[in-house]
Amino acid sequence: MIKSNDILDELDNRLRQVSKEVVFPMSKEDKKLATDMMEHLRLSQIEEFSLKYDLRPGMGLSAVQLGILKRFFVIVEETTKEGDKEQSFKNYFIANPKIVSHSEELIYAEFGEGCLSVNREIEGIIPRYARVTIEGYDMNGNKVSYRGREELSIAFQHEIDHLNGILFVDKIDKENPYKDENKMRPI
Ligand code: ZN
């Protein structure tokens with residue numbers, strides 16, 4: 001099981017390095033890591049477990065955040081509908097992702113973009129495409145394509161940045177953290 005302490009903090013230089021392409025077949029260790037990452041995110045979004053194991057809720061993790069500089073990430077998106085008795089989730093794994101198309105429209109996360117590697121309050125906004133289509137590979141090396149909008153679109157872009165050694169805090173304008181706020185739609 002991945003513990004909160006296993007996740008690299010923003011001061012760790014590995015987070016600023018560009019990760020290497022995943023080569024298939026993936027090793028057993030890397031597949032297990034990806035599965036453990038998804039489990040960590042799922043538990044973090046269930047209050048009982050986030051309290052029990054002291055997990056900060058998160059929806060995305062890239063391998064580099066666990067110190068593995070390979071181009072893959074996981075996202076666990078909550079899909080619970082009103083009236084559901086139990087929480088439900090959709091898991092994404094994607095290796096060697098590329099954004100193949102995106103909307104013109106820009107959005108930003110109104111209450112800040114979170115990151116399990118950034119353990120402090122951050123002021124400012126990050127422009128993101130409202131919709132993206134990404135292509136890449138699943139754990140078995142099959143080609144996959146996903147469309148994300150709104151929060152999921154932000155998550156895809158946030159994780160792809162990790163693979164390129166970029167943290168969301170790096171994208172906030174230092175002089176004016178709310179620059180161009182009125183040119184984008186808050187979500
Ligand atoms: Zn992050």
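These notebook entries record what I looked up in the structure above, entry by entry.

**Ground rules.** I am working from a predicted model, in which local features need pLDDT of at least 70 and side-chain atom pairs count only at pLDDT 80 or more, while totals for chains, interfaces and linings use all residues. I number residues from 1 along each chain as its sequence is written, and the side-chain values use heavy atoms, with hydrogens and water left out.

**The sheet.** I began with the strands, taking helices (H or I, at least four residues) and strands (E, at least two) as DSSP runs numbered from the N terminus, and counting two strands as paired if DSSP finds at least two bridges between them. I found an open sheet of five strands in the order β1-β2-β3-β6-β7, with antiparallel pairing. β1 (60-62) and β7 stand at its edges with a single partner strand each, so one side of each is left without a neighbour in the sheet. On average, neighbouring strands of this sheet are turned by 40° against each other, direction ignored; for such angles the axes are lines fitted to C-alpha atoms, for helices over the stretch in contact, and the values run from 0 to 180 degrees between N-to-C directions.

I then followed single pairings. β3 pairs with strand β6 (residues 131-137) in the antiparallel sense over five bridges, and there serine 101 has threonine 133 in β6 as its bridge partner. β6 pairs in turn with strand β7 (residues 143-149), again antiparallel, over seven bridges; glycine 136 is bridged to valine 144 in β7, and tyrosine 137 stands opposite lysine 143. The hairpin of β6 and β7 has five residues between the strands, and in it glycine 141 takes a positive phi near 85°.

**Helices on the sheet.** I noted that α1 packs on the sheet and touches β1, β2 and β3, its direction making about 30° with that of β2, where contact means heavy atoms within 4.5 Å. α3 lies across β1, β2, β3, β6 and β7 and runs at about 160° to β2.

**The cores.** I use nonpolar core for a set of buried Ala, Val, Leu, Ile, Met, Phe, Trp, Tyr and Cys residues joined through side-chain atoms within 4.5 Å; buried means under 20% relative accessible area, exposed over 50% and partly exposed in between, with a 1.4 Å probe and protein chains only. The largest core has 21 residues, and those with the most contacts inside it are Met37, Leu61, Leu66, Phe72, Val74 and Phe93. Two or more residues of this core come from each of α1 (28-44), β2 (72-78) and β3 (89-102), and α1 gives the largest share, five residues. Looking at valine 74, and leaving aside its neighbours within four places in sequence, I found it in contact with Ala34, Met37, Met38, Leu41, Met59, Gly60, Leu61, Tyr92 and Phe93. A second, separate core of 13 residues includes Phe73, Ile75, Ala155 and Ile160.

**Aromatic pairs.** I counted rings of Phe, Tyr and Trp (its six-membered ring) as a pair if their centres lie within 6.5 Å, with planes under 30 degrees apart called stacked, over 60 edge-to-face and the rest tilted. The structure holds six such pairs. The rings of phenylalanine 49 and tyrosine 53 are stacked, because their centres are 6.2 Å apart and their planes at 10°; tyrosine 53 is partly exposed, at 34% relative accessibility.

**The zinc site.** Which residues hold the zinc ion? I found Cys115 (SG), His158 (NE2) and His162 (NE2), at 2.1 to 2.3 Å; donors are N, O and S atoms within 2.8 Å of the metal (3.2 Å for Na, K and Ca), and since water is not among the atoms, sites may look incomplete. The donor residues are spaced C-x42-H-x3-H in sequence. Cysteine 115 lies in the loop between β4 (106-108) and β5 (128-129), and histidine 162, 47 residues apart from it, lies in helix α3 (residues 151-163). Cysteine 115 and histidine 162 are both buried.
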